[in-house]
Amino acid sequence: AIVEHTFNVGNLSISQLCQPDRIITAVNGQLPGPTIRASEGDTVVVHLVNESPYGMTIHWHGIFQRGSQWADGPAMVTQCPVQTGGNYTYSFNVTGQEGTLWWHAHFSFLRATVYGALIILPRGGAKAYPFTKPDKEEIVMFGEWWNANVFDLQQMALLTGIPAGPADAYTINGKPGDLYNCSAPNQTHMFEVRKNETYLLRIINAALNTPLFFKVANHTFTVVAADACYTTPYKTNVVVVGPGQTVDALMVADATVGRYYMAASPYDSGIPSGPAFSKTVATAVLEYAGGANTTSPPALPQLPEFNDTDTAHRFLSNLTALVLPGKPTMPLAVDTRMFVTVGMGVADCQPEQTLCNRSRTMFASSMNNASFVPPRSTSMLEAHYSNATAGVYTRDFPDQPPILFDYTADASNNATMQYTTKSTKVRTLRYNETVEMVLQNTRLIAKESHPMHLHGFNFFVLAQGFGNYNQTTAAPQFNLVNPQERNTVLVPTGGWAVIRFIADNPGIWYMHCHFEAHLDLGLGMVFEVQDGPTPDTSLPAPPKDLPQC
Ligand code: C2O
C-alpha cells in the first residue's frame with residue numbers, strides 16, 4: 001500500500017513556560033509533527049512544502065533507504081536543502097524493518113521543533129507482534145524546548161565555535177509538564193489508561209543534546225524492541241534513551257486507580273564539574289479511568305541521579321536481540337576493521353567564523369581528529385553519483401592513525417591532542433563489505449557518552465565497556481549470538497563500543513553524533529558505499545525534483 005502525506009512546513013505561534021508567543025518552525029502547525037503509520041512493505045510518500053523562512057530537509061531516522069538513497073535527507077550529504085517556497089517529494093519503501101522510528105529536520109537546529117513519529121507495523125498488524133498483543137499503543141516522544149529561536153542559536157554557535165546553552169525545558173509529546181515553573185495546565189500531556197490493560201509505549205528520544213531516563217511511578221516495563229529491532233523481553237523500572245534512539249516497552253496498568261507521573265530526566269555523563277546543562281524534569285500524567293477525581297497530586301517516580309552511569313550502562317548493555325527466523329544474523333567474518341576516536345577538540349577559526357577572533361580557540365568535535373564539514377556547492381551524493389567529487393570531498397578517512405593516549409585520563413588542557421582540522425573526508429567501502437568499528441570516546445575537553453548514529457544501516461553492538469579499548473580482553477566478551485541491533489549506540493562515557501555492519505546499501509551514508517551541538521562542531525564522517533554488480537544493487541538516478549543548491 002502507499003501511505004501518503006503532505007508536510008507543510010511553516011510558522012507556528014506557540015507559548016510555553018509563561019513566555020510571550022514564540023514563532024517556531026513546525027509541520028502542519030503541530031508540535032510534535034504528524035505521526036506516519038505504515039505496515040512493513042508499504043511505500044511512504046511525503047510531499048514536503050517549505051513555507052518556512054529556512055532551508056529544510058527531512059531525515060527518516062532508521063529507514064534504510066535501499067533504492068531510495070535520495071530520500072535520506074541530511075543537508076549537503078544526500079541533498080541540498082529545499083529553499084523557502086520550494087518542495088520535494090520523499091518516497092521510500094519500508095521493507096524488512098518494523099517498529100518505532102521517527103523523522104526529523106536534518107538542517108541547522110530545526111529538528112528541535114520539526115520532528116514526529118514513524119511507526120511501522122508488522123504486515124499482519126498488531127497480532128503479528130512477537131510479544132503479548134497490547135490493548136493500546138501510545139507514543140511517548142521526548143524533546144527539548146528553547147525559548148530562543150533555534151536557528152539563531154545554531155548560527156551563533158557556528159560563528160563563535162561555542163555550543164548553544166541548555167534547553168529551557170525537556171518535553172514529553174511537545175509539553176514540558178507541570179513541574180516547571182509557570183507551566184500552564186494545558187502544557188502537560190495526559191495519558192488515559194484502564195485498570196489491568198496492557199500498553200505498548202513507543203518511546204522516542206527526539207531531544208537535541210540529552211540522553212534521558214524515563215520512569216512511571218508505581219509501574220514497570222518489559223522492553224520488547226529498541227531502534228525498531230525486537231529484543232529479548234527485558235524487565236526494568238527505568239528506560240534509558242539516547243538522542244536518536246527508540247525503545248518499545250509494554251506496561252501493564254496494574255497500580256491502584258489514580259494518577260501517576262511519567263517522568264523524563266537527563267542523563268549527563270560529563271565530568272563532575274559539568275558543562276551547564278539543565279537538570280530539570282519533564283512530566284506527563286498517567287490517569288486511570290475513574291481516577292480523575294483523586295485530589296492528591298500524582299505520585300512522582302524516584303529518578304536516577306543525573307550522572308548515574310551504572311544505571312544507564314546496565315540498561316543499555318543488557319539488551320539482546322530476539323532472534324527470529326528470516327532476520328539478519330551477525331556476520332562472523334570481518335573484511336575491514338576500523339578504530340575511530342570520538343570526541344571534542346579545538347580547531348583554527350574558519351574564515352566564515354567572524355565571531356571567532358583568536359586562533360585555536362573555537363571548539364570542534366572530531367572522529368579520528370578529522371572534524372567534518374559538509375560541502376557547500378553540491379551534495380555529496382550528487383558528487384558521488386556523477387563522479388565529480390573534486391572540490392566536494394576526498395577519500396582519505398582516516399588520513400592518519402588516531403592519536404593514541406590514555407583516553408580515560410583528563411586531557412582537557414592538552415592543546416596538541418585537542419587540535420583538529422576541518423575537512424570533508426569519506427571512507428570508501430566495497431559493496432557487501434563487512435565492517436567492524438571500534439568507537440573510542442576520548443576525554444579531551446569533556447568526558448561524555450556520545451550517541452553515534454549510522455544512516456542507511458542497522459549495526460550489531462558486539463560489546464561496550466569502559467577505559468581504553470583492548471582487543472585482546474574485549475574480543476572474548478563479544479556477543480556473537482544475539483547482539484542487539486541498533487541504528488544509534490550511546491558509546492559509554494570514558495569507554496568504547498564495538499559495532500559491525502554489512503555495507504550492502506550503495507550510496508553516501510552519514511555517521512555522526514546525535515547531539516546536535518556536536519554534529520555542528522564536526523563530530524561525524526561519511527561512508528561512500530560503491531555499487532553492487534546489478535542494477536538493483538546500484539544507486540538509482542536522482543529524482544527530477546531533487547532540490548538544487
Ligand atoms: Cu537522526 Cu543524521 O540523524
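User: What makes β31 and β32 paired strands?
Analyst: Six bridges join strand β31 (residues 507-513) to β32, and the two run antiparallel. Two strands count as paired if there are at least two bridges between them, so six bridges meet the condition. One of the facing positions is I508, whose bridge partner in β32 is E528. This is a predicted model.

User: How many bridges join β24 to β32, and in which sense do they run?
Analyst: Strand β24 (residues 426-429) is joined to β32 by four bridges, and the two strands run parallel. At least two bridges are needed for a pair, so β24 and β32 count as paired as well. Here V426 stands opposite V526 in β32.

User: What makes the sheet that holds β24 and β32 mixed, and in what order do its strands lie?
Analyst: The order is β24-β32-β31-β26-β29, five strands in an open sheet with mixed pairing. The edge strands are β24 and β29 (488-491), each of which pairs on one side only. From one strand to the next the twist averages 20 degrees. Both senses can be found among the pairs: β24 and β32 run parallel, while β31 and β32 run antiparallel. Strand β26 (residues 450-454) is also antiparallel to β31, with three bridges, and L454 stands opposite M511 in β31.

User: Why is strand β32 called largely enclosed?
Analyst: A residue is called buried if 20 or more other C-beta atoms lie within 10 Å of its own. Six of the six residues of β32 (residues 524-529) are buried, so the strand is largely enclosed by the rest of the structure. Both faces are covered: G524, V526 and E528 are buried on one side, and M525, F527 and V529 on the other.

User: How do you know that the buried residues of helix α1 line one face?
Analyst: The buried residues of α1 (residues 150-160) are V150, F151, L153, Q154 and A157. Seen down the axis of α1, they fall within an arc of 160 degrees, so they line one face of the helix. An α-helix has 3.6 residues a turn, so residues three or four places apart point the same way. The buried residues of α1 pack against α6 (516-520). Just after α1, G161 takes a positive phi of about 75 degrees.

User: What makes the phi of L17 and M76 worth a remark?
Analyst: Most residues other than glycine have a negative phi, and most peptide bonds are trans. L17 has a positive phi of about 50 degrees although it is not a glycine, and the phi of M76 is near 70 degrees, also positive. L17 lies in the loop between β1 (2-14) and β2, and M76 in the loop between β5 and β6 (87-93).

User: What confidence does the predictor give?
Analyst: The mean pLDDT of the protein is 92, and 96% of its residues reach 70 or more. For the complex, the predictor gives an ipTM of 0.99 and a pTM of 0.96.

Key:
Residues are numbered from 1 along each chain as its sequence is written. This is a predicted model: local features need pLDDT of at least 70, side-chain atom pairs count only at pLDDT 80 or more; totals for chains, interfaces and linings use all residues. pLDDT is the predictor's confidence in each residue, from 0 to 100. A residue is buried if 20 or more other C-beta atoms lie within 10 Å of its own, exposed if 12 or fewer, and partly exposed in between; C-beta atoms are placed from the backbone. The arc is that of the directions from the helix axis to the C-beta atoms. Two residues are in contact if their C-beta atoms, placed from the backbone, lie within 7 Å. Axes are lines fitted to C-alpha atoms, for helices over the stretch in contact, and angles run from 0 to 180 degrees between N-to-C directions.
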